[in-house]
Structure formats: structure tokens, C-alpha cells
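This report walks through the strands, helices and core of one model. Please look over the sequence and the structure before reading on.

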Amino acid sequence: MTGEVRYDRAHEAEVLAGPGREEAPAPPRGGDGLGCHAGAAEMEAAARAAGKSEILDRYAADYPQGPHDKPQSMCPAFGSLRVGLRMRRVATVLSGSACCVYGLTFVSHFYGARRSVGYVPFNSETLVTGKLFEDIRDAVHELADPDRYDAVVVTNLCVPTASGVPLKLLPSEINGVRIVGIDVPGFGVPTHAEAKDVLAGAMLAYARAEAEAGPVAAPDHVKAAGGRADRPTVSFLGEMFPADPVMLGAMLAPMGLAAGPVVPCREWRELYAALDARVCAAIHPFYTASMREFEAAGRPVVGSAPVGRDGTAAWLAAVGQAAGVAPERIAAAQNAFLPAVDAALKAAPVKGTITLSGYEGSELLVARLLIESGAEVPYVGTACPRTRAGEADREWLEAHGAKVQFRASLEQDLAAMEAVRPDLAIGTTPVVQRAKELGLPALYFTNLISARPLMGPAGAGSLAEVVNAAIGNRGRMERMRDFFEGVGEGDTAGVWEGEPNLRPDFRAIHLRKLEKQERARKAEEMI
Ligand code: SF4
């Protein structure tokens, strides 16, 4: 009795056996054929066996997992790929399965990369024999042209990481071109947000070592301005709306401070300028490796951001104190900007209950701004982990009635939205889709919310227009739901000529099969 269910007589067909295959080298444990569809635990065990324990332990400390440990969004490596592709004079090379590289290059071009992504292909043999590493080294030598590049970034995806391809054995520099090798496996780096930190942190570490070894070149914009700013600077961690750094600079000016570079940077030499700042402002709280580099360079790190009235007052005070600014000058900055923030918030109030979730890292800041604008926000979910730099925002939100869920899973985001039935759900694509099915207005966080100014007076009124317009659409959403009522949902969605052919018995069998597999896996773990 095998438990196999048969629906026709295909099993009776004669199978023609061809000639035996020649012996091929066995693929390595964790080799090709595994990926994010395979067991993360197995990939991780293979990577550890192949000598990657040190890097995996560091990722586990920097990017703590749980309650769920699997990416529920895109491949994490997209984060680091995007950081490299947005830098001038930086070449990017991926080493991984062709399907992963196809997906990653597709998405990067979809988002307008307009740059080539290098790829070193492999097969079981080159992976097993170490030839893949030699191929990567050859590719890097070929690319390292100092007239074209300041740096070449090589990224090991899941399979080469699991197989222990040793990027740290690459030369650190060829003809003056820096070589930065990173491992970004899906089983070690939970989100694409944190993968940005993997590359930003690796570049900062490299730049810090260069700066410690001797004088380094100034970035183009510093040269164009005739040299270093006469005021000490504050560098920022986290991608922002382009107008936000300008607003941040204006708010720092009364304290005698200037805006420094934003990390991830746009050119290599900005890394030196970022490390040269008086203070690092971690606008996004998940840049753990980057924060470590700033602290190693002796730069204090300040979390949160000037969002809303409370946020602006607290951030100016924290940055001013970290930079050693006199209390009168901190008060001057607060007096110059808080009335404008107040006025902007009052001019653009938000009325309604909103649940919010996303994977960008700015979710807590957006929630603060919404609450200060007048909205009720009972739930904030972020795919990013709880970190020291995000504590002030968490405390403020919880004090204002929000449940903050770090490392939120899609199921948690959906459950919160379905329980609260808000006037507006801001979230990831599947959350927005579910909200629409329920007839609730919804906005996609990444495109519609995080692509707006948030800081100071400019940010205070920026969300109201889009949020209020969406909340006002409730009647239309309900009409749409009624209109589509009866077309089916889930596996009965679409146009059917007869009754959908549901087979709950098949499902029950499949469920039992999965449960059996799970029991077998658990039993194996106990042995
Ligand atoms: S590299 Fe990305 S797409 Fe490929 S297996 Fe890993 S997580 Fe999945």
C-alpha cells in the first residue's frame, strides 16, 4: 500500500529504458538544483560545512530572524544588487544559478538600472572542482580597468555561498580598482532591505581601511564646491526621497551643521565623506553593519528621523547633543522648524483608521507621521528586525496605541488588517490585493507612500493628499466588490462554464501528505 492516488492508467504504460548515462560528478551538497524553493536549513548546513560559518554567524547576529525566517518578498540579493548598480564607476558581477540571475537582472532593469550586470555561469563540475572561483577571478581581472571603474562588486548568491566559493581570496585591488566580494544568500539575509546593508557595510569597511592608511580623494561634489564644508556634517543611513536630504540640511543649519552624504552612496569617494561626518543619522534602522563601521570610525549613531512635531523635536535634540552643539543652538533649530511642522500638520489633517505594513524599513516613520496628522494607526508591521536605532520610534508608536510587529509575516499583516477593517490599508502587494477583495481602500507602500518626502515641514503635509483621497474611495471600493461579487475567488476565480470542479478530497490527501513529510522531518531532526 503506497498511499498513491491514481486517476488514470498512465502507470500501466511501458517505460522504455535508454542506455545508461556516463558517470557525472556528483553535485555538491547544497549545489545547483537547490534554491529558495529548497530547504534553507539544508543550504545553511552546506554553507557551514563549506567554511562559511563565520559570515553566517555574523548575519545571524546582524539580521536576527523570527518569528518567520523565510523571505516573503523578492530575492534578498536584489537589495545589494541595486545599491551597486546605482553607484557611478562600480561594476557588478553575480555568481549564482542562472534562474536567480535571470530574475535579479530582470527586476533591476525593470527598475531602470540601465547598466550591465556581469554574470559568471557555472555547472556542477566547475562548482565541485573550484573552477568557478578561477572563472570569477578571471572575470574580475578582465573588468578591473581603472579608467572605467573605481570598484568591482562580486556577489555570491545562494548556491555558491552554500558551496563555499571563497570570495575573500580574491585580490582586494587590481590596477587600483577595489574588489569587494560579498555573500548574500537568501538563507542568511532575510530581506532585500538588509542586503543593502551587507554591501553598504562592506564598502564602508573598505573605505575606512583606506582612510586609516593615508589621505583619500574628495568626492566630486566636494571638489566642485571648492573643498570640504566649513561646518561639521551629519551623514545619513537609508535611501530617502530626493528632497529629504535637502530638508534635513536646512534643519541642521541653525545648529552649525551641514548635511553629509546619504549611505548607500552614489560614488565611491562619498564613502570617505560619510565616514568623515561628526554624527551618523540612521534614518532607516536596519543598517547594522554600516552602523558598526561608523562607530568603529568614532562617529556616534543617532536613530529615528525628523518626522512630525515630536519626531522633529527629538531628532534635532539627539543629533545636536551627539554633535556637541550648545543647547541654545539646538533650541534655535527647534524654534525655527517646529512651528512650520505644526502648521503643515494642521493644514493637512488625516482622519481615519489605517493599518500599515511594508519591507522598506521606513514603516515606523510613516506611521508616526500619520498619527501626528490625526490618523489612528493600531498596527504597524515591518519585515525588518527590531534594532537599537528603531527603539525610539517603537516606544513612541506603542505609547500612541500602535502594535508594532517586527519581522512581520504576510499572515500577521493580513490578520491585523482583517481584524481591524481599517478605513485604509497601506501595505505590500498581497495585503493591498486582500484589502480590495474586502472592499477596503488600500495603497501600495513602496510606490505610493515611501516615494514621498517625510522629513520636517516638507514631509508633514505630504501624505495627507494621497491618504485622504484613498480613504474617500471607500464607496467606490464597495461598489467594485459588489460588481465582482459571484465571479469566484481563490481557486474558483475567473469565468466558468459550469460549476468549478472543486476536489476537497484531493486537498485533504495532499494535506495529509504534507503533514506526514513534516512529521518525518521532525523525527529526522530528533535523531
Ligand atoms: S539567490 Fe535569491 S532567487 Fe536564488 S535561490 Fe537564493 S534567495 Fe532564491
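Val93 stands opposite Gly118 in β2; helices (H or I, at least four residues) and strands (E, at least two) are DSSP runs, numbered from the N terminus. This is a predicted model, in which local features need pLDDT of at least 70 and side-chain atom pairs count only at pLDDT 80 or more, whereas totals for chains, interfaces and linings use all residues. Residues are numbered from 1 along each chain as its sequence is written.

Strand β1 (residues 90-95) and β2 run parallel and are joined by 2 bridges, where two strands pair if DSSP finds at least two bridges between them.

Strand β10 (residues 353-358) pairs with β11 in the parallel sense over 5 bridges, and the bridge partner of Ser357 in β11 is Gly381. In strand β11 (residues 376-382), 5 of the 7 residues are buried, a residue being buried if 20 or more other C-beta atoms, placed from the backbone, lie within 10 Å of its own, exposed if 12 or fewer do, and partly exposed in between.

β10 also pairs with β13 in the parallel sense, over 3 bridges, with Thr355 opposite Ala425 in β13. Ala425 in turn stands opposite Ala442 in β14, and 3 bridges join β13 to strand β14 (residues 442-444), the two running parallel. In a regular strand the side chains alternate between the two faces of the sheet. Within strand β13 (residues 424-427), Leu424 and Ile426 point one way, Ala425 and Gly427 point the other way, and all are buried.

## The largest nonpolar core

A nonpolar core is a set of buried Ala, Val, Leu, Ile, Met, Phe, Trp, Tyr and Cys residues joined through C-beta atoms within 7 Å. The largest one has 146 residues, of which Val152, Ala281, Ala367 and Leu370 touch the most other members; helix α8 (residues 192-213) gives the most to this core, with 8 residues. Leaving aside residues up to four places away in sequence, Val152 touches several residues, including Val93, Val140 and Ile179, contact meaning that C-beta atoms, placed from the backbone, lie within 7 Å.

## Helices α15 and α16

Ala367 is also one of the α15 residues that meet α16, where the partners include Trp396 and Leu397.

Definitions and conventions. Two residues are in contact if their C-beta atoms, placed from the backbone, lie within 7 Å.
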